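Reader: I am new to this structure and would like to get to know it step by step. Could you walk me through it while I ask questions?

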Amino acid sequence: MICAKMLMRKGTLYGFDVHGHSGSATVGNDIICAAVSSAVYLVANTLTEVCGCRANITEADGKMQLVVDVADVNKAQEVLRGLHIHLKGLVAQYPEFITIQLTEV
């Protein structure tokens, strides 16, 4: 199962932590993993390369965590909210393969 956490501080999004594999199909044919992976890479690239946000990004097989630098959190809100909406849509379509939660830290 894919577990997605939208990271928050005092109600403000500051990043995400996504890990796992959906297991809905074989590797290379899993459209749910592909959709989530594409979305998180798009967000990471948009925040760092387009918006100019500084972020700490950790990635490994089946995991990506992105935490925006505190000075750039306001600049990142709309993109992070877009990811949250996108992931909620995937959860609605594939609830047995992906979960999402807001995590206040």
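Reader: Happy to begin. In which element is L87 found?

Author: Welcome! This is a predicted model, in which local features need pLDDT of at least 70, side-chain atom pairs count only at pLDDT 80 or more, and totals for chains, interfaces and linings use all residues. Residues are numbered from 1 along each chain as its sequence is written, and side-chain values use heavy atoms, with hydrogens and water left out. Helices are DSSP runs of H or I with at least four residues, strands are runs of E with at least two, and both are numbered from the N terminus. By that naming, L87 belongs to helix 2.

Reader: Is L87 buried or exposed?

Author: Buried means under 20% relative accessible area, exposed means over 50%, and partly exposed is in between, with a 1.4 Å probe and protein chains only. L87 has a relative accessibility of 0%, so L87 counts as buried.

Reader: Which residues is L87 in contact with, leaving aside its neighbours within four places in sequence?

Author: Contact means heavy atoms within 4.5 Å. With neighbours within four places in sequence set aside, the partners of L87 are A4, M6, V36, I98 and I100.

Reader: How are helix 1 and helix 2 oriented to each other?

Author: Axes are lines fitted to C-alpha atoms, for helices over the stretch in contact, and angles run from 0 to 180 degrees between N-to-C directions. Helix 1 (residues 31–50) and helix 2 (residues 73–93) pack at about 175°, with axes 10 Å apart. Angles under 35 degrees count as roughly parallel, over 145 as roughly antiparallel, 65 to 115 as roughly perpendicular and the rest as oblique. The two helices, helix 1 and helix 2, are therefore roughly antiparallel.

Reader: Which residues make that contact, and how many of them are nonpolar, polar and charged?

Author: Helix 1 brings A35, V36, A39, V40, V43, T46 and L47, while helix 2 brings A76, V79, L80, L83, H86, L87 and L90. For the classes, Ala, Val, Leu, Ile, Met, Phe, Trp, Tyr, Cys and Pro count as nonpolar, Asp, Glu, Lys and Arg as charged, and the others, Gly among them, as polar. The contact of helix 1 with helix 2 then has 12 nonpolar, 2 polar and no charged residues.

Reader: What is the C-alpha distance between A35 and L90?

Author: A35 lies in helix 1 and is partly exposed, with a relative accessible area of 24%. Apart from neighbours within four places in sequence, A35 touches H86 and L90. A35 and L90 are 55 residues apart in sequence, and their C-alpha atoms are separated by 8.4 Å.

Reader: Where is D72, and which residues is D72 in contact with beyond its neighbours within four places in sequence?

Author: D72 sits in the loop between strand 4 (63–68) and helix 2. Its relative accessibility is 5%, so D72 counts as buried. Leaving out neighbours within four places in sequence, D72 is in contact with G52, C53 and R54.

Reader: Is K10 buried or exposed?

Author: K10 is in the loop between strand 1 (2–9) and strand 2 (12–19). Phi of K10 is near 50°, a positive value in a residue other than glycine. Most residues other than glycine have a negative phi. With 80% relative accessibility, K10 counts as exposed.

Reader: Which ring does the charged end of R9 sit over?

Author: A charge sits over a ring if NZ of Lys or CZ of Arg is within 6 Å of the ring centre and within 35 degrees of the ring normal. The charged end of R9 is 4.1 Å from the centre of the ring it sits over, and that ring belongs to Y14.
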